[in-house]
Amino acid sequence: MSSTAGQIIRCRAAVAWEAGKPLVIEQVEVSPPQKHEVRLKILYTSLCHTDVYFWEAKGQNPLFPRIYGHEAGGIVESVGEGVVDLKPGDHVLPVFTGECKDCAHCKSEESNMCDLLRINTDRGVMINDGKSRFSINGKPIYHFVGTSTFSEYTVVHVGSVAKINPLAPLDKVCVLSCGISTGLGATLNVAKPPKGSTVAVFGLGAVGLSAAEGARIAGASRIIGVDLNPSRFEEAKRFGVTEFVNPKDHNKPIQEVIAEMTDGGVDRSIECTGNVDAMISAFECTHDGWGVAVLVGVPHKNAVFKTHPMNLLNERTLKGTFFGNYKPRSDLPSVVEKYMNKELEVEKFITHSVPFSEINKAFEYMLKGEGLRCIIHMEE
């Protein structure tokens, strides 16, 4: 692999030329990594809803042409100046956020919101020099959240690369680089349900099911799944969900329904939809005195959270989380080890698989709401 170090690599990438149009497999040129950057050979990537959201360009600044993708597993091909933690051949997960290890957030045990490498969906270039590492015939192609994994090779800041156990199967653990870890960490790191407690999970997509998986691992006695789509309920049982509530089946606020089911409210709730009304319900359905609600979903930019202050004064706690409070470089390797030790079941999140040449099928599955995660095999 080192024979390509310092050289421009020509490879395939799935380029989004305009909003909502099918991706096109193109021959792109990938420049060598610069200072504090690494170039990765991506072996497996998967599609996350965030990719689809920005590809559709609904409600944010469109930036095209662009290479999407941010859930992936690969191998370090070469490293740039100043990179000491990684070497060619290392097995890694690129992550949409990062850990510079120098800022106040990185030095804090309580935060994973790195000042330098926190997610930036508007930036389409590398922070080192403000330029893209991708081009086609000299025309720059923009990056996405610092990862751009829908390419056989990509360049990523070293702070956004987690070195993992080389024995871990990359076609499985690649899904831990975003959504699964977000939901899992929201439960295990933030909600921290005591053994035997009751937990409500709002939204049973991939992130919500991983939050439920976290509650299962923690030993919750009841895990109540809340979703408007009853077809999700059967599948959710495999993730430890024990009961289901569809708000459409009730003529009163769902928080009242859950409070009645649980003798005053759940011990913990995790909200994974981004709908502000669901956020309020998730908070208000927790038990007074000790209830904790954790917000995971990203709301509409104009959304306003409203609740009566007495709900807080009565000793309920409201928390938010970003990437499950995991620091990418420090903590993600241990999440991979949970899988390797059979504590965490990853396979059940993977419902589809396609070759890279058929990447648009992955978008079709997600747009139809079919399955949870589709693995895209770069080598066909």
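Alanine 186 has 0% relative accessibility, so it counts as buried, the cut-off being under 20%. Keep in mind that this is a predicted model.

Alanine 186 sits in helix 4, which covers residues 179-191. Leaving aside residues up to four places away in sequence, alanine 186 touches Ala191, Ile270, Val294, Val296, Thr321 and Gly324. Take glycine 324 from that set: 138 residues separate it from alanine 186 in sequence, yet the two C-alpha atoms are 4.4 Å apart in space.

What does helix 4 pack on? Six strands make up an open sheet with parallel pairing, in the order 12-11-10-13-14-15. Strand 12 (243-245) and strand 15 (317-320) are at its edges, and because each has a single partner strand, one side of each is left without a neighbour in the sheet. From one strand to the next, the twist averages 20°. Helix 4 packs on this sheet, where it touches strand 13 (268-271), strand 14 and strand 15. The direction of helix 4 makes about 145° with that of strand 13.

Helix 8 (residues 276-284) packs on the sheet too, touching strand 10 (198-202), strand 13, strand 14 and strand 15. Its direction makes about 170° with that of strand 13.

Now for the pairing at one end of the order. Strand 14 (residues 292-295) runs parallel to strand 15, and four bridges join them. Leucine 295 has glycine 320 as its bridge partner in strand 15.

Four strands form it, in the order 1-2-6-7, and here the pairing is antiparallel. Strand 1 (9-15) and strand 7 (139-141) take the edge positions; each has a single partner strand, so one side of each lacks a neighbour in the sheet. The twist in this case averages 50° from one strand to the next.

Inside that sheet, strand 2 (residues 24-30) and strand 6 (residues 134-136) run antiparallel and are joined by two bridges. Glutamate 29 has serine 135 of strand 6 as its bridge partner.

| Strand pair | Direction | Bridges |
|---|---|---|
| Strand 2 and strand 6 | antiparallel | two bridges |
| Strand 14 and strand 15 | parallel | four bridges |

As for what holds such pairs together, strands of a sheet pair through backbone hydrogen bonds, either parallel or antiparallel.

Note on methods:
Residues are numbered from 1 along each chain as its sequence is written. This is a predicted model: local features need pLDDT of at least 70, side-chain atom pairs count only at pLDDT 80 or more; totals for chains, interfaces and linings use all residues. Side-chain values use heavy atoms; hydrogens and water are left out. Two strands pair if DSSP finds at least two bridges between them. Axes are lines fitted to C-alpha atoms, for helices over the stretch in contact, and angles run from 0 to 180 degrees between N-to-C directions. Buried means under 20% relative accessible area, exposed over 50%, partly exposed in between (1.4 Å probe, protein chains only). Contact means heavy atoms within 4.5 Å.
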